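Open the model in your viewer and colour it by chain. This tour goes chain by chain, then contact by contact.

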Amino acid sequence: MIRYVTRRLIQMVFLFLVFLTVTWFLLYILPGDSVALKYAGNPNIPPEAREVALERLGLDKPVLIQFRDYMFNFFQGDLGVSFNQYPRPVIDIIGERLPRTLVLFLTALVTYYWAGFVAGKYLAWRRGNRGEMAVTIGGVGLYSMFLPFFAFMLIWFFSVRLGWLPISKFLDPEQWRDAPFAANQVFMRLFWVTLITAIAMFAASFAGHRTHSRVLARILRWGGGVLVIAGFLFYWFGTESGQGMRVYAGDIAFHMILPVLTLTLIAFAQVMLLTRSSMLETLREDYILTARAKGLPEGIIRDRHAARTALLPVVTSLVLAVATVIDGGVVTEAVFSWPGMGEILISSVLSEDIPVAVGAFAFIGILALIGHFVVDVLYGFLDPRIRVTEHG
Amino acid sequence: MTNTLPETRIEDPLASEVDRDVDSWWKIRLALTRRSFRENWKIFRRNKIGVLGLVIIAFWGIMAVMPTIFFVTGFWNPAVYDPVTGLELDPPTRTMTMVERITDPNTEIDRRAVLLDGRIPDTLQIGDTFELPLQPAPPDSRHWLGTDPLGRDILSQLMHGARASFFLGILAAVVTVVIGTTIGSMAAYFGGFVDAALMRLADLLIMIPGVALLIVIGAVFTFQLWHLAVVIGILSGFGGTAIVLKSQALAVKVKPFIDAARVAGGSARHIIFYHLIPNVMPLSVLYMMFTVTAAIQSEAVLSFLGILNTDTSWGLMMNLARTQGYLLQVTDFWWLTIPPGLAVTVLSAAFFLVGRGMDEIVNPRLRRR
Amino acid sequence: MTIRKLPLEVSTGRAPLLEVDGLVMRYDTEAGEVSAVENVTFSLGRGEAMGLVGESGCGKTSVALSLLRLAPDNARYQGGSVRWEGVDLLDLSDQKMREFRWAEISMVFQGAMNAWNPVYRVGEQIREAMDQHFDPPLSSGNMDQRVERLFELVGLDPAVQIRYPHELSGGMRQRAVIAMALSCEPKLIIADEPTTALDVIVQAQILKELKEIQEDLGLSILYISHDMAVIAQVTDTLGVMYAGKLVEFGSTRDVFDRPRHPYSYLLLSSIPSVTGPRRRPVALEGTPPNLLAPPSGCRFHPRCPWATEQCRKDEPPMMQIGPSQWAACWHYEQVPEMGQQLP
């Protein structure tokens, strides 16, 4: 397993280097020095100023040197300076935006994956071709739903019509006018607390899964869950720092509901359809018949035998889903004016702020690669045919 | 449940030994294609989902050719109905009364509105009435789906948008399949370094979020529609499609007729193009469908974001509705958002449904027993 | 359910354990009703080994699955009974049936690879069965001990239990399947093509071991196979099925020595015999009938070289021929003699 992970890790690093190289050349070289043209090719700029500008931007050096410098600087965390928010460093902008995007992606990814898997599992289990047509058409309809259209319909319905949820943005400026905290400060707190909660939750359920005693498993799973949630609530209501930030954190979370819902609904159908067909396939396997012959209860056959094995191809599809959900996230951020990586990518592209665009895109690429790597490891972990053979 | 004998056939099920004689080779291949097409059509027809997709595609296909018919027959005057430059000169109007304070914004205007809206003469006094031209105008007998904020016919734009989507989707799909089959077959046939290099490239491409990449490329290129089609085709052709087609080609490669062709002295080129590619073709056609879905969606998203340089597109219609601020007024101005939004959804879903229907032909395991 | 411990209780009685009486089972399909099991009657005593033979698709696996009510969802039981120690299994509630499975009848499936879930360790999958069928539940240590004993019984290293199925060879997997089948001390094991996927040497070993285990533990075994040679080695009684019907039933010896149904005759003539009477090998022509529309009269008549008008019209009942032999053929008396006359 360790060898498998290391090998994938090396592959990922290598892929990232290729990715960064291609991106850099694509943006800096292909379109005939657009950066130089825009900032130094302007005939109104006097020649001396032009020289200075070129030198400042490092554009007077040969291409390969520029590339070497960029790569070198990139790994030192220097991604250049934004043209539009000059002289704010790109890395600074990304540092502010990345956690927000991460939260949006992760929440949506976990929600839709879980929901899609459970829905697909039950649909397959109820079996029969009854309703197959309706499920497929509904699923495909959701899957190929035009995201901006769908998002605006949801905004219209929940925010304009019902008035339940905020229309867009990250927070409500009115409420934050006298806030004693910076938005990012609150957000980061929210981020860490939620992450720790999620990890604790997962650990409890995992430990429950591992034990052989059924009673202990139940205690761990339910008791652990309750305890973690209690801890979460205690932080926000019981501790001083939590209480102060609660309102503001709540506002941020409130603004997150609709984007997450949009992304989840769009992506959920695909997982559902896939799980359903994978599960139908699994249900035909001989070991399901064995499990039934062994007199196992239906619930165990469904969850432990059929769904567990049907999960494998679904996890493989996560590889593609990571890219899809990032794409969806980019568009969702744009629609909701959610100030994350996707939004900065689009706005920098529209305002031709190339250093920010490249930086944002590079980090979106990193996100995708990490996602891919996690999926690979997860798959290796779930499928003993990979896990065991590789370490043996 | 019958015992099947081990596969002993060594001839290519599609090609035959006459393939040196180009003329008859094509004739035979054509006859075989026709026969397999008839058989596959029978399987496809049983699957209602695929047929539904086909019906939807046919509907939009008709929509795409209608404007030409309307313009040629003179049913539509290009000056009014052109999707880009058309303008309704005589839009429906609503009687507005000048008042001090507005109580009903649908029938009353005040001094401020006169200053903001150039269409209202500034000689208007309190109590005067004025016929305000409505643009966007709701559907009426002249404009079946109404007009947009610039006074252009929505139906005409929708039809032209369908044309653009078909052009883009099909071009992207063709590029994908040409690249995907070639790359997949080459990787499978040569193996070794060629295979490793091509597959690592494919790995990279499927990992990159496509829309984000297209946005970035849009930053430095001026994107025309066909550029987009080619870029999508390349991304998908070297990426996911190549991987799937390679595994299919690997399955074909181990069949005895490939060995037979090699023993008979067939060159690599000959084997790849005459034996491997025709046998992975059915699966490529399936992936064409999924590429079309992805292409239509990407195009719509990019033009919605205003990154694509195009003049008729469903995404652009949404973009206009958004920039003019009509997007959230779904009940009042539904004809600006619902038709293009649904069109993108329905047409891309239709291609996906056809793909799923074809899946049953390509994967016999999925067929209903 | 009672607590049971190894060594298993050994029963020497030969009272019928299982009686299948006039069982009719059909599948609902889109194309129509498939008559998979038609009026099948047989009984199986304690400690007895019975064989069920026939071509692929003749309904032998359907019979086996019916005993555990495991047939697919579209199966309809339309008549007859399956009595286990006097209780009709077809009347049991789903919950009772679930408790019954594996505790009383367990199964060794064909193709041992697929019988294992690839993502769990072999030992886990065996424990899982034991988890369900002991009351009070076995302790973890107790279970470990039992798994070890079972593995020794089938000739496997107990360390194998922490392996995943894909790490085992075909023979090991099949042995582990047998260990799993024995885990809840059933009275009957149904072995559906237990050795088909294995090579000949392993096949022989496993059959021998299975036979020994059966005799040592006093189990009953129902072998299902298309392979007459396998059946001959290990069974006491034998049923021959054709197109969903049991056409001949009797002690293995009688059926082998003097088959009374043309189908059994033709099947047997295809295997060369060293000890028994010499028979001329005769090819069995034609294909099994379409069970959506089974032939009139005797289902075998379209392929039977001796079929008469009567065979086409009337369905032959199961007739007792000897003290331990039954056959469903109008012309059973002439069968062996007619066989000699074939070209």
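Switch to a burial colouring: 45% of the 343 residues of chain C count as buried. Now show contacts within chain C. Among those with a separation of 6 or more, 66% join residues 24 or more positions apart.

Select the contact between the two: 19 residues come from chain A and 25 residues from chain C. On the chain A side, pick out helix 12 (286–293), helix 13 (298–336) and helix 16 (384–391), the elements that give two or more residues. Helix 12 of chain A provides the largest share of that side, six residues. Colour the chain A side by residue class: seven nonpolar, five polar and seven charged.

The contact between chain A and chain B draws 45 residues from chain A and 40 residues from chain B. On chain A, select helix 1 (2–28), helix 6 (132–143), helix 7 (147–161), helix 13, helix 14 (341–350) and helix 15 (354–382); each supplies at least two residues to the side that touches chain B. Colour this side by class too: 36 nonpolar, seven polar and two charged.

Finish on chain B, coloured by pLDDT. The mean is 81, and 91% of the residues of chain B reach 70 or more. Then zoom to residues 1–9 of chain B, where pLDDT stays under 50. The model has four contacts beyond four places in sequence for this stretch. Where pLDDT is low, predicted coordinates should not be read in detail.

Note on methods:
Residues are numbered from 1 along each chain as its sequence is written. Chains are lettered from A and ligands numbered from 1 in the order in which they are written. This is a predicted model: local features need pLDDT of at least 70, side-chain atom pairs count only at pLDDT 80 or more; totals for chains, interfaces and linings use all residues. A residue is buried if 20 or more other C-beta atoms lie within 10 Å of its own, exposed if 12 or fewer, and partly exposed in between; C-beta atoms are placed from the backbone. Two residues are in contact if their C-beta atoms, placed from the backbone, lie within 7 Å. Helices (H or I, at least four residues) and strands (E, at least two) are DSSP runs, numbered from the N terminus. Ala, Val, Leu, Ile, Met, Phe, Trp, Tyr, Cys and Pro count as nonpolar, Asp, Glu, Lys and Arg as charged, and the others, Gly among them, as polar. pLDDT is the predictor's confidence in each residue, from 0 to 100.
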